[in-house]
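Work through these exercises with the structure in view. Try each task before you read its solution.

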Amino acid sequence: MTEKKESRLSDISTIREILGRHGFTFSRALGQNFLINPSVCPRMAELCGADEDTGVLEIGPGIGVLTQELAKRAKKVAAVELDQRLLPVLAETLAEYPNCRVIQGDVMKLDLHQLIAEEFPGMKVAVCANLPYYITSPVIMKLLEEKLPIAALTVMVQKEAAERICAQPGTRACGAVSAAVQYYAQPEILFQVSRGSFMPAPNVDSAVIQLKVRETPPVALKSEKGFFQLIKAAFGQRRKTALNAVSAGLGLPKAQVAGAMEQAGVPQNARAEQMTLDMLAAFSNALADSKEKEA
Ligand code: SAM
């Protein structure tokens, strides 16, 4: 009986029937592309580490197709959905899963430390979601920057975003987000998902990525704030050398930035994308030293 309902939730005619009955229409602004490929959600739920000791935080459950798969495996699922119109739909589709709780709200505004403490006491915590594409990076950065007690994030994002987020520092594809993510986590692309796996179908393909949150940072920083400001400035103007981009972006004299690069052993003509995480950290620490000397 349960099996039947689960498999039906990724079926187009079932989705139409449920949504039609609730008078629901898709919102582009909220990034509503619902999964209709029946193999994707079980795979994500399996790979995210959901088990009987784990609480899973889902962002944007939609009609609950992934939520059901998570609920079958996890001790508890807390799903944050912004769109109030989906609440009666979820009440119906999740009725048979007492270990699920839907929280109406904007994930960007919620106090996630409090949510995790209240919903998952004594549990390991994982995040699993098909993220709304318009806030992919902000959500990922919020989850990492707030240093929540999360073991791993397993999330579906657009393919380009996946490649950017998982790019290694020191490679062409690396951007500010890749470098920032690397500081907090070990990212990996798990598998690709074609655009036809969604309703409505978006214009691009997607990928499921996993960020395993590091227990300790891979580099020692004098100032985390200074490091992130440096990354933002260095990658902000990719066509410039890091020297020019950082000097302009942080409003610092070129000589001071050049001195810090020299102290860090970074070539003066290097671009941000050519720097490894170690180089970026050494650069940022040398810049912090030079600011201290000035003060
Ligand atoms: N999990 C469902 C699936 O895979 O079919 C739906 C995924 S859909 C890509 C993204 C979901 O995130 C939508 O249900 C949307 O309403 C919700 N959403 C959008 N912005 C949100 C926000 N700021 N906070 C929480 N949920 C949000």
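**Exercise 1.** How many bridges join S6 to strand S9, and do they run parallel or antiparallel?

*Solution.* This is a predicted model, where local features need pLDDT of at least 70, side-chain atom pairs count only at pLDDT 80 or more, and totals for chains, interfaces and linings use all residues. Residues are numbered from 1 along each chain as its sequence is written, and side-chain values use heavy atoms, with hydrogens and water left out.

Step 1. Find the strands. S6 covers residues 152–158, and S9 covers residues 206–213. Helices (H or I, at least four residues) and strands (E, at least two) are DSSP runs, numbered from the N terminus.

Step 2. Read the pairing. Seven bridges join S6 to S9, and the two run antiparallel. Strands pair if DSSP finds at least two bridges between them.

Step 3. Pick out one position. Val-155 stands opposite Ile-209 in S9.

**Exercise 2.** Which strand does S6 run parallel to?

*Solution.* Step 1. The partner is S5, residues 124–130, joined to S6 by five bridges.

Step 2. Take Val-127. Its bridge partner in S6 is Leu-153.

Step 3. Follow the chain from S5 to S6. It passes through helix H7 (residues 136–145), and this β-α-β crossover is right-handed. That is, with the strands pointing away from the viewer, the path from the first strand over the helix to the second runs clockwise.

**Exercise 3.** Is Thr-154 buried or exposed?

*Solution.* Step 1. Locate Thr-154. It sits in strand S6.

Step 2. Apply the cut-offs. Buried means under 20% relative accessible area, exposed over 50%, partly exposed in between (1.4 Å probe, protein chains only). Thr-154 has a relative accessible area of 0%, so it is buried.

Step 3. Look at the rest of the strand. Six of the seven residues of S6 are buried.

Step 4. Check the side chain. Those of Thr-154 and Gln-210 are joined by a polar contact of 2.8 Å. Such a contact is a pair of N or O atoms within 3.5 Å; within protein, one must be able to donate a hydrogen and the other to accept it, and residues adjacent in sequence count only if both atoms are side-chain atoms.

**Exercise 4.** Where is Ser-290, and what does its side chain reach?

*Solution.* Step 1. Ser-290 is in helix H13 (residues 277–294).

Step 2. Its relative accessible area is 16%, so Ser-290 is buried.

Step 3. The side chain of Ser-290 reaches the backbone oxygen of Leu-287 at 2.8 Å.
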